[in-house]
Amino acid sequence: MLKGKKIVLGVTGGIAVYKAADLVSKLRKEGAQVRVVMTEAAAEFVTPLTFKEISGNAVAVNMWEKHREFNVEHISLAEWADYLVIAPATANILAKAAAGIADDLLSTVILAARSPIVFCPAMNSQMYVNPATQSNLKKLQEYGCVIMPPASGFLACGTTGVGRLPEPAEIISFLRRHIALKTGDLTGLKILITAAGTREPLDPVRFVGNRSSGKMGYAVAQAAAERGAEVVLVSGPSALQPPPYVKVVNVETTREMMEAVLTEYAAADVVVKAAAVADYCPREVADQKIKKSTDEPLTVVLEKNPDILKRLGELKKHQFLVGFAAETQNLLANAAEKIQKKNLDMIVANDVTLAGAGFNCDTNVVRFLFPDGTARSLEKMTKFEVANRLLDEVKAAINK
Ligand code: CTP
C-alpha cells in the first residue's frame with residue numbers, strides 16, 4: 001500500500017527524533033520513497049547525515065542552503081509529496097501550522113502542501129493537554145489534516161503520561177489504514193468475521209475444543225481492514241495477534257460467540273463465519289477440577305449448542321452471509337447442503353485432509369460455492385490470498 005508512495009517526512013526537535021530514523025527505514029522497506037526535512041532543532045538531536053543515509057536522499061534543513069535537486073525547494077518538496085508526515089511533531093510546529101506561520105523550511109513546506117498532511121504529536125503531557133495545543137490540533141483537523149494520537153507511557157522528561165511518539169510500526173499501520181480508508185475498494189462496508197475455535201468448559205481447568213488456530217479468519221480480517229472495511233472480529237481463543245484497526249471481541253464458548261455475533265449483526269453488511277464452532281458442550285460443568293478417583297471410565301454427556309450461522313440465516317435482512325465448510329469427505333455435497341440449510345450467499349469449502357489445507361497451516365485449498373450451484377476452485381495459496389479472493393467474490397456479488 002505504501003509501495004511507490006512519495007513521502008516527505010518532517011522531523012521536528014524532540015527526543016523522539018531517534019524513532020523517526022527507524023520510521024524512515026521502515027517506510028523504505030514498505031517500498032516508499034522518503035525525503036526528510038528537519039528543523040534546526042531536530043538537527044541538534046540527530047544529525048541530518050543519519051537521515052540522509054537511511055532515506056537515500058539529501059536532507060533539507062535550511063531554506064537558504066543550495067540543493068541541486070530542487071529549484072524553489074519548499075514548493076518542489078510540497079509538490080513532490082503524496083503524503084507529508086510530521087513525526088515527531090512538537091507543540092511548536094503544531095502552533096505554527098495552525099496559525100499559517102512559515103518561517104523555516106518545514107513550516108513553509110506544510111503551508112505549501114497539496115497532499116494529505118499527517119501530524120504525529122510527541123511532547124511532554126502538560127504541553128500536550130494544554131488548551132493552546134489542543135486548540136491547535138482541533139484547528140489542524142478542521143483544515144483537513146490528520147492527527148495520529150500520541151501514545152501514553154514513560155516520557156523522556158521523567159514523567160509518565162500521554163505524549164509519546166507511537167512506535168514506527170504503529171505509525172506505518174496508521175498510514176496504511178488512512179490510505180485504505182481513502183482508496184480501499186471495501187471502504188464503507190461493515191464486515192463481521194468470526195475466527196478460531198470455541199471452547200466448552202468441562203471443569204475449571206479443562207475444555208472440549210478443536211484444532212482451529214484462527215489463521216483463516218484473522219487473514220480475512222486483515223485483508224478486509226487493509227481494503228478499507230470496518231471490521232469486527234469475534235474470536236475464540238487464539239495465539240494470533242489481531243490485525244490493527246479491527247474491533248476485536250474475545251469469546252470462549254459457542255454461546256458467548258452467538259451473543260457477540262447477534263449484537264453486531266444488525267449493523268453488518270457482510271458476515272464471514274470462519275470460526276470452528278463447537279457443536280456440543282458438556283451438559284454439566286464441574287465447579288472443581290474433576291479428580292481421577294476410580295478406575296471406571298469417565299462419561300461426559302454433551303448437549304447440542306446453537307448453530308450460530310443457521311440463526312443468522314433465519315434473521316437475514318440485507319446481510320451477505322459467507323459460511324465455511326471444513327469437511328473430511330463428500331466436500332461438495334456437504335457444502336451445498338449447508339448453503340441451503342443455513343440460507344447462505346456463499347460458502348468456502350475445504351477438505352481438511354488435503355496437504356496444505358485446513359487447520360493450523362498458512363495455506364489453504366478451497367472452493368467457493370454459491371446458491372445457484374456455481375463453484376470456483378482455487379489452487380493452493382496462502383490464507384491471506386484466499387482471504388482476498390473471498391473478498392473479491394463478496395464485492396462482485398454485492399455490486400451485482
Ligand atoms: N457454525 C456455526 N455454529 C455452529 C456450527 C457451525 O455458526 N454451531 C458455522 C461455522 O462457523 C461454519 C459453518 O457453520 O461457517 C459450517 O460449520 P461446520 O462445522 O463445517 O458444519 P456444521 O454445521 O457444524 O455441520 P457438521 O459439523 O455436521 O459438518
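The legends below describe close-up views of a predicted model.

**View 1. The two domains of the chain.** The domain assignment divides the chain into domain 1, covering residues 6-181, and domain 2, which is made of the segments 185-289 and 296-398. Taken over C-alpha atoms, the centres of domain 1 and domain 2 lie 41 Å apart.

**View 2. The interface between domain 1 and domain 2.** Where the domains meet, 7 residues of domain 1 are in contact with 9 residues of domain 2. The size of an interface is often expressed as the accessible area that is lost when the parts come together. Between domain 1 and domain 2 the buried area is about 620 Å², and carbon and sulfur atoms give 47% of it. Of the area that domain 1 buries against domain 2, 68% is supplied by Arg177, Ala180 and Leu181, which is more than any other three residues supply.

**View 3. Polar and charged groups at the interface.** Between domain 1 and domain 2 there is 1 salt bridge, and the side chains of Arg176 and Glu226 meet in a salt bridge with an N to O distance of 3.1 Å. Across this interface 5 residue pairs are in polar contact. The side of domain 1 that touches domain 2 has, by class, 3 nonpolar, 1 polar and 3 charged residues.

View 4. A search of the whole structure finds 0 disulfides. For Cys145, the closest cysteine sulfur is that of Cys120, and because these two sulfur atoms are 12 Å apart, they are too far from each other for a bond. Cys145 is buried, with a relative accessible area of 13%, and Cys281 also counts as buried, at 7% relative accessibility.

How values were computed:
Residues numbered from 1 in each chain as written. Predicted model: local features only at pLDDT ≥ 70, side-chain atom pairs only at ≥ 80, totals over all residues. Heavy atoms only, no water. Disulfide = S-S within 2.5 Å. Buried < 20%, exposed > 50% of the residue type's maximum accessible area, 1.4 Å probe, protein only. Domains from an automatic or database assignment. Contact = heavy atoms within 4.5 Å. Buried area = accessible area lost by both parts, 1.4 Å probe. Salt bridge = Lys/Arg side-chain N within 4 Å of Asp/Glu carboxyl O. Polar contact = N/O pair within 3.5 Å; in protein donor to acceptor, adjacent residues only side chain to side chain. Nonpolar A, V, L, I, M, F, W, Y, C, P; charged D, E, K, R; others polar.
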